[in-house]
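Here is a short briefing to read alongside the model.

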Amino acid sequence: VVWFRRDLRLDDNPAWADAVAGGGEVVALFVVDPVLFDRAAPLRRAQLVAELAALDDDLRHRTGGRLHVRHGDPRHVVPAVAAEAGAGAVVAWNADVGPYATRRDRAVAAGLELPPRTWYGSLVHRPGAVLTGKGTLSRVFTAFHRVWLRTPWDPWPDGPAAGATEGPRVAGDPGQGLPEAGANPPQRAGAAAALARLDAFLPHLDRYPDDRDRPDLDATSGLSVDLKLGTLSPRAVVRAVEGAPGAEPFVRQLAWRDWYAHLLAERPDLPTTAMQARFDAIAWRDDPDAVQAWREGRTGVPIVDAGMRQLAATGRLHGRVRMLCASFLVKNLLVDWRVGERHLRHLLLDGDLAQNVGNWQWVAGTGPDAAPYDRIFNPVLQARRHDPDGTYVRTWVPELAELAAPGVHAPWELGPLELAAAGVVLGDTYPAPLVDLGESRARALAAYRAAPKLPG
Ligand SMILES: Cc1cc2nc3c(=O)[nH]c(=O)nc-3n(C[C@H](O)[C@H](O)[C@H](O)COP(=O)(O)OP(=O)(O)OC[C@H]3O[C@@H](n4cnc5c(N)ncnc54)[C@H](O)[C@@H]3O)c2cc1C
């Protein structure tokens, strides 16, 4: 039994290759777990269902078998499917690092007749493979990255031996079938479409170092959804770009991805606890109206509002703008980073516990190797640097469509005539800023400084 989870592909998938190498009949299982499925926003659910349909298609075309879909609690369903497959059935899967997944997998393993075979097909390196000379996971990214680069990849199985006359034998029972998608998937589904997206990005890789922070350009790979759902293997991405101009800073991002996953594997409390424990003493503000305005893109700070509206409408959000939206919530509104983390994780198409928590803690300055808390982004200066013509802001904040850059990034700095000529009335057609950026910055610094230093 191969239990697919967030590794929805047949190539470059160690659990799948391992299972089919034996030559026996394989059940390709996916369990729709309501705990995870019901919590995802509609667009992410739609993408997942489309990916499952595409995996089913791939199985049909390549093996004649079907994806066997069951609904329920995997702790009961997986052992039941293994038992139905017959005595001596072995279950293989690609492991995950989140606390829920880890607990669930332990419970599933305990219910199986034989120990499962597990791999880490969603990461370049498995947790525990990238350690310092002292045998620990580095809390400093640059040190982790140095070791990550020189650590040889654990071998993954190749699947059926070369020259095998028959493909894998896959069971043909579709089980309970796929859940209702409820919406159209935001991007073309399937491993072939993911590879096509990777191929389409390669000619632009050389511009990545210069343009990746520009939300007004289409300059990043857009592969995070494929990496999250596993329609693409991270190793395939590294192999595809190796040696090309622009590859180094791009591959470095995949090392961040591994690092956050390794950290969560080691510290399952990270979604709820500041890695630098003293910052859990910060007196966060309880301000539901401000949080609601942030969620709906009504803060009066155009780059933040543009980002939050793009997120709500599409489930996507450019990486630089994620930082600015997160920083505004945590530093300027002084709202607990966990509030924002939950919101983004629910809506993002690439929403991923390890990546989201790691990045939120980085922005909040509470995590490992975080930005020092006193380096607070100024969203206006950032917007002027990274969205120089204001194109991104005007796309998502149409109330400001008649304003040019640099004014569009801080309409409160403009005179009444200029605003009137663009049809903007602050506080009416577009909100006045929720907070003064300078004052709220000072308030954040004071709150962070007041957090007591803890012994040790
Ligand atoms: C507050 C906040 C929350 C985030 N939440 C998530 C999340 O839930 N899921 C997620 O996949 N990414 C998250 N990120 C990281 C990053 O913003 C996205 O991975 C990236 O924007 C996706 O776009 P891309 O595929 O075009 O990235 P590219 O720039 O093309 O990068 C290539 C790949 O590298 C990885 N990567 C890039 N940046 C980062 C990073 N900062 N940390 C870890 N991996 C990275 C991603 O897998 C990405 O697909 C978050 C960042 C911030 C600041």
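Leaving aside neighbours within four places in sequence, Arg-235 is in contact (heavy atoms within 4.5 Å) with Leu-123, Val-124, Trp-153, Asp-154 and Trp-156. Please keep in mind that this is a predicted model, where local features need pLDDT of at least 70, side-chain atom pairs count only at pLDDT 80 or more, and totals for chains, interfaces and linings use all residues. Residues are numbered from 1 along each chain as its sequence is written, and side-chain values use heavy atoms, with hydrogens and water left out.

**Arg-235**

- Arg-235 sits in helix α10, residues 234-241; helices are DSSP runs of H or I with at least four residues, numbered from the N terminus.
- Arg-235 is buried but has no salt bridge. Buried means under 20% relative accessible area, exposed over 50%, and partly exposed in between, using a 1.4 Å probe and protein chains only. A salt bridge is a side-chain nitrogen of Lys or Arg within 4 Å of a carboxyl oxygen of Asp or Glu.
- For Arg-235, the nearest side chain of opposite charge is Asp-154, 5.3 Å away. Lys and Arg count as positive here and Asp and Glu as negative, while His and the chain ends are not counted.

**The ligand and its shell**

- There are 25 residues around the ligand, and those that come nearest are Tyr-208, Thr-220, Ser-221, Gly-222 and Asp-350.
- Four helices, α9 (224-229), α11 (247-266), α14 (319-332) and α16 (353-364), each supply at least two residues of the shell. Helix α11 gives the most, with 6 residues.
- Polar contacts are pairs of N or O atoms within 3.5 Å; within protein, one must be able to donate a hydrogen and the other to accept it, and residues adjacent in sequence count only if both atoms are side-chain atoms.
- Thr-220 places a polar side-chain atom 2.6 Å from an oxygen atom of the ligand, and a polar backbone atom of Gly-222 is 2.6 Å from a ligand oxygen atom.
- On the nitrogen side, a ligand nitrogen atom is 3.3 Å from an N or O atom in the side chain of Arg-322.
- The protein covers 93% of the 820 Å² of accessible area that the ligand has on its own, as computed by the Shrake-Rupley method with a 1.4 Å probe.

**Helix α1**

- Helix α1 spans residues 14-21 and is mostly covered, with 6 of its 8 residues buried. These are Pro-14, Ala-15, Trp-16, Ala-17, Asp-18 and Val-20.
- At the start of α1, a side-chain oxygen of Asn-13 comes within 3.2 Å of the backbone nitrogen of Ala-15.
- After α1 comes Gly-23, with a positive phi near 90 degrees.

**Salt bridges**

- The structure holds 28 salt bridges.
- Asp-280 pairs with Arg-338, the closest N and O atoms being 2.9 Å apart. Asp-280 lies in the loop between α11 and α12 (288-296) and Arg-338 in helix α15 (residues 337-347), so the pair ties together parts that are 58 residues apart in sequence.
- Asp-280 counts as partly exposed at 32% relative accessibility, whereas Arg-338 counts as buried at 13%.
- Asp-73 and Arg-75 form a salt bridge with their closest N and O atoms 2.6 Å apart. Asp-73 is partly exposed at 22% relative accessibility, and Arg-75 is partly exposed at 42%.
- A network of salt bridges links Asp-56, Asp-57, Arg-60 and Arg-66.

How values were computed: A residue is near a molecule or strand if one of its heavy atoms lies within 4 Å of it.
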